[in-house]
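Please read the following paragraphs with the sequence and the structure side by side, and find each residue as it is named.

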Amino acid sequence: MRIIPHLKLFLILILLSILIFFLDNARFLQLPKTALSYITTPIQFGLYSSGQTISRQFYFIFAARFAAKENKALQEQLAQIISENAKLRRDLSETQSLLEQQKTLDPRVYNLVAARPIGLDRYLKIDKGFKDGVKESQAVVFKDNFLGKVIKVTEKTSSVELLTDPDSKLSAFSINKNGKAKGILAGQFGSEILMDKILHEESIEKGDLVYSEGTEGFLPRGLILGSVVEVLEKETQIFKQAKIKPVFDIRDLELVFLMQE
Amino acid sequence: MKTLIVVLILLSFIQVTLVPLNLVLLVLILRAYLYPEKINLYLGFFLGLLISFLESQALGVYSLAYVVFIQSIQMFRKAQFAMHYFVMIPSIVLILSLNLIFPQAVSGSTINLWPDILKETLLIIPVFFIIKVWEERFVVKPEVKIRF
């Protein structure tokens, strides 16, 4: 048995390959190559274009998969952009509130600190505490409306007693074209405020604005406390009363202001 | 044999235009493994020339490589353990790798076997069985003699 089978043929083919290689490098085979290309080029072109046609039929499968991935990525991006947009809108709204507040209460007269409401049950919780210079009994306002008084302060948050709180009692007055009425504003359980101790001869009507007297010391005179929604008058009673409703709903406010001085 | 030649020519065109894998070499070395005949050397030589021409490479390069690979396989085939799958497959993968490395090394480009070598490796077993079934069922062997 031969160790190297077909040795003679193998060597002949090797030598032929080397010979053809050198002939090709010396450009002696250009003519037969050109002639053969007239046959092979159309076959190559036909196969290639058939392959392209077939792959185009299946392209939509890959395109659909890619589109699904792209859709998912875009949805994530959109969610992120919506979130950023919401944050920017909130920042813009707060900035506008700050500017409007400065128009109503002169910052040269009042030292106001902006705070965000972060919770509401019996008391309104805000995101400023004694680290921000908040103290008990400081007034909380929005534009020229009095909202409440700080009653509890922690390091980073504070609780605000609202006008509707039953512990809240303020001296107030209202003015209309017929005159002035004075009374005591007291919170009721729920969301009502009652202005009590109004003399019968003093004029008060539905729609009148109620203002702070400022006698308590922690808030200035002339801040709006609410508007009259109903006047309760009984001849058998010594005083008449008026139901008061705040001008702003606390839940609609994104920013409130603390009067520090 | 005529069918095999037609299929190999078709595979040459497919290899150059559509599927960039060494289909022709794979078929030739698997056939050399199964049936070590001198016809394999002729096939390797001429198809090597064809592929060199279709790929616009220097003529003679691929034919030289194919003839050497086929002869190596036919010599290796003589060993007793050569037909074991755990010997056959790595040896064929080695031949295919050398066929990928050699032109990249000559042209000076970075040698990169992945992922072509994996695709060609996965084709070894199916092509092996196709050739075996084809040769056993459809090709008339001159050695078969009918006894009366």
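F58(A) is placed in helix α2 of chain A, which covers residues 30–104, where helices (H or I, at least four residues) and strands (E, at least two) are DSSP runs numbered from the N terminus. This is a predicted model, in which local features need pLDDT of at least 70 and side-chain atom pairs count only at pLDDT 80 or more, while totals for chains, interfaces and linings use all residues; side-chain values use heavy atoms, with hydrogens and water left out. Residues are numbered from 1 along each chain as its sequence is written, and chains are lettered from A and ligands numbered from 1 in the order in which they are written. With a relative accessibility of 45%, F58(A) counts as partly exposed, given that buried means under 20% relative accessible area, exposed over 50%, and partly exposed in between (1.4 Å probe, protein chains only).

F58(A) also belongs to a nonpolar surface patch of about 580 Å², to which I54(A), F60(A), I61(A) and F62(A) contribute as well. Such patches are made of residues with over 30% relative accessible area and no salt bridge, like charges being joined within 9 Å and nonpolar side chains (Val, Leu, Ile, Met, Phe, Trp, Tyr) within 5 Å. The accessible areas come from the Shrake-Rupley method with a 1.4 Å probe, and for residues only the protein chains shown count as cover.

Side chains of opposite charge can pair when their charged atoms come close. Over all chains, a search of the whole structure finds 14 salt bridges, a salt bridge being a side-chain nitrogen of Lys or Arg within 4 Å of a carboxyl oxygen of Asp or Glu. One of them joins K33(A) to D24(A), with the closest N and O atoms 3.0 Å apart, and D24(A) is buried at a relative accessible area of 7%. In another, the side chains of E230(A) and K243(A) meet at 3.8 Å, N to O. Because E230(A) lies in strand β11 (residues 224–232) and K243(A) in strand β12 (residues 239–245) of chain A, this pair ties together parts that are 13 residues apart in sequence. E230(A) is partly exposed at 36%, and K243(A) is partly exposed at 23%. Chain A also holds a network of salt bridges that links E94(A), R116(A) and D127(A).

Turning to chain B, its secondary structure comes to six helices and zero strands, and 43% of its 148 residues count as buried. The mean pLDDT of this chain is 84, with 91% of its residues at 70 or more, pLDDT being the predictor's confidence in each residue, from 0 to 100. The model as a whole scores ipTM 0.82 and pTM 0.52.

Which parts of chain B are tied together by R31(B) and E135(B)? The side chains of these two residues meet in a salt bridge of 3.0 Å, N to O; since R31(B) lies in helix α2 and E135(B) in helix α6 (residues 116–138), the pair ties together parts that are 104 residues apart in sequence. Both R31(B) and E135(B) are buried. Helix α2 (residues 23–34) also contains L23(B), which is buried at 14% relative accessibility, and the C-alpha atoms of L23(B) and I124(B), 101 residues apart along the chain, are separated by 9.9 Å.

A pair of aromatic rings is described by the distance of the centres and the angle of the planes. The whole structure has eight aromatic pairs over all chains, counted when rings of Phe, Tyr and Trp (its six-membered ring) have centres within 6.5 Å, with planes under 30 degrees apart taken as stacked, over 60 as edge-to-face and the rest as tilted. The rings of Y62(B) and Y66(B) have centres 6.0 Å apart and planes at 70°, so this pair is edge-to-face. Y62(B) and Y66(B) are four residues apart in helix α4 (residues 61–76) of chain B and are therefore separated by about one helical turn. Y62(B) is buried at a relative accessible area of 11%, and Y66(B) is buried at 0%.
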